[in-house]
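This briefing concerns a single protein chain and is arranged by topic. Please consult the sequence and the structure below alongside the text.

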Amino acid sequence: SNIKEKITTLLANKGDAYMVDSITSFDEILLEDKWKQYERYLEFMPKTKLLESREEADDPNVITKKRISSRAKGIVFSSDDVSGELDSYIVQKKISIIKEYRVFVVCGEVQPLASVRTSKTPTTKVKTDGSVTVTPELRKYVEKVMQHCSYDLTGLDIAETGDGFALIEVNRSPQFNGYFREAGVNIAETLIQKLVKNE
C-alpha cells in the first residue's frame, strides 16, 4: 500500500517527465508476481501452479518460490520453510539446468553479453559467475519472449537445458552489479543513453 501511494503520487505529479516502461498505473508494475508471470509466459516457463499444501514443498521434483521476492530469497526447499498464506507461493516443475543466464534487454535491444549465474541450492546463494556472448540461438529465444512485453529495461533469467531454453523469470528491476563487475557495462548508463536518444 505504501508503494502504491508513492507511485500514484508520482504519476499524478509527473508533468512532462518520462515514466520508465511508460507506466500509467500501479497495476502495471505487478509483473514481479511470479504467478502473474506464469499466466503471461506459460509457453516459455516450466509447468507452474499455486501451492496448495505445505507438503508439496517437500517434493524433490519441484521448486517452491514466494510469488513476490527478490534475489532468490523466497525459494524454499522444505515445508518447514513455508510461512504465511499458501497461495503466496508457486510450485514449479524442477528442470535440469546446464547453464543459467541473465540476459538484459534495454529499449528492445538484446545486450550482447549475458551474465552466467549459479542456481540457488539449499546450501548456496545465486551469484554471477562471469559473462558470455549471447549466442544467436539465445538471442532468438529472448526476442521471442520479448514479443510478449515491451519494457525499457528487462533482465530475463533463462536456463539452458537438454531440451532447449526455458524462461525462469522476467525481472522489471533487475540487479546488475555483477554484470557491471564481470562485463564492464553499466546497464543504467545504457538505459539513460537510449531513453535520451529516443526522446
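A residue is called exposed when its relative accessible area is over 50%, buried when that area is under 20%, and partly exposed in between. The structure discussed here is a predicted model. The mean pLDDT of the chain is 88, and 92% of its residues reach 70 or more.

**Confidence by element**

- Confidence in the chain is highest in helix α3, where the mean is 96.
- Strand β7 (residues 127-133) has the lowest confidence, with a mean of 79.

- In helix α3 (residues 136-146), the buried residues are Leu138, Tyr141, Val142, Val145 and Met146.
- Viewed down the axis of α3, these buried residues lie within an arc of 135°, so they line one face of the helix.
- Pro136, Glu137 and Lys140 are exposed on the other side of α3.
- The packing partners of the buried α3 residues are helix α2 and the strands β5 (97-106), β6 (109-118), β8 (153-161) and β9 (164-171).

**The four-stranded sheet**

- Four strands form an open sheet in the order β1-β4-β2-β3, and their pairing is antiparallel.
- Strands β1 (48-50) and β3 (75-76) are at the edges and have a single partner strand each, so one side of each lacks a neighbour in the sheet.
- Strand β2 (residues 62-66) runs antiparallel to β3 and is joined to β3 by two bridges.
- Lys65 has Ile75, in β3, as its bridge partner.
- Helix α2 (residues 34-41) packs on this sheet and touches β1, β2 and β4 (89-93). The direction of α2 makes about 140° with that of β1.

**The loop between α1 and α2**

- Asp21 is placed in the loop between α1 (2-12) and α2.
- Asp21 counts as buried because its relative accessible area is 13%, and the limit for that class is under 20%.
- Beyond its neighbours within four places in sequence, Asp21 is in contact with Tyr151, Asp152, Leu153 and Arg172.
- Ser22 also has its place in the loop between α1 and α2.
- Ser22 is partly exposed, with a relative accessible area of 44%.
- Most residues other than glycine have a negative phi. Phi of Ser22, however, is near 55°, a positive value in a residue other than glycine.

**Cysteines**

- How many disulfides does a search of the whole structure find? The search finds zero.
- A disulfide is a covalent bond between the sulfur atoms of two cysteines. The cut-off applied to a pair of cysteine sulfur atoms is within 2.5 Å.
- The cysteine sulfur closest to that of Cys107 belongs to Cys149 and is 13 Å away, which is too far for a bond.
- Cys149 likewise takes part in no disulfide, the sulfur of Cys107 being the nearest cysteine sulfur.
- Are these two cysteines buried or exposed? Cys107 is partly exposed, with a relative accessible area of 24%, whereas Cys149 is buried, with a value of 9%.
- Cys107 lies in the loop between β5 and β6.
- The backbone at Cys107 has a phi near 50°, again a positive value in a residue other than glycine.

Definitions and conventions:
Residues numbered from 1 in each chain as written. Predicted model: local features only at pLDDT ≥ 70, side-chain atom pairs only at ≥ 80, totals over all residues. Heavy atoms only, no water. Pairing = 2+ DSSP bridges. Contact = heavy atoms within 4.5 Å. Axes fitted to C-alpha atoms, helices over the stretch in contact; angles between N-to-C directions. Buried < 20%, exposed > 50% of the residue type's maximum accessible area, 1.4 Å probe, protein only. Arc of directions from axis to C-beta. pLDDT = per-residue confidence, 0-100.
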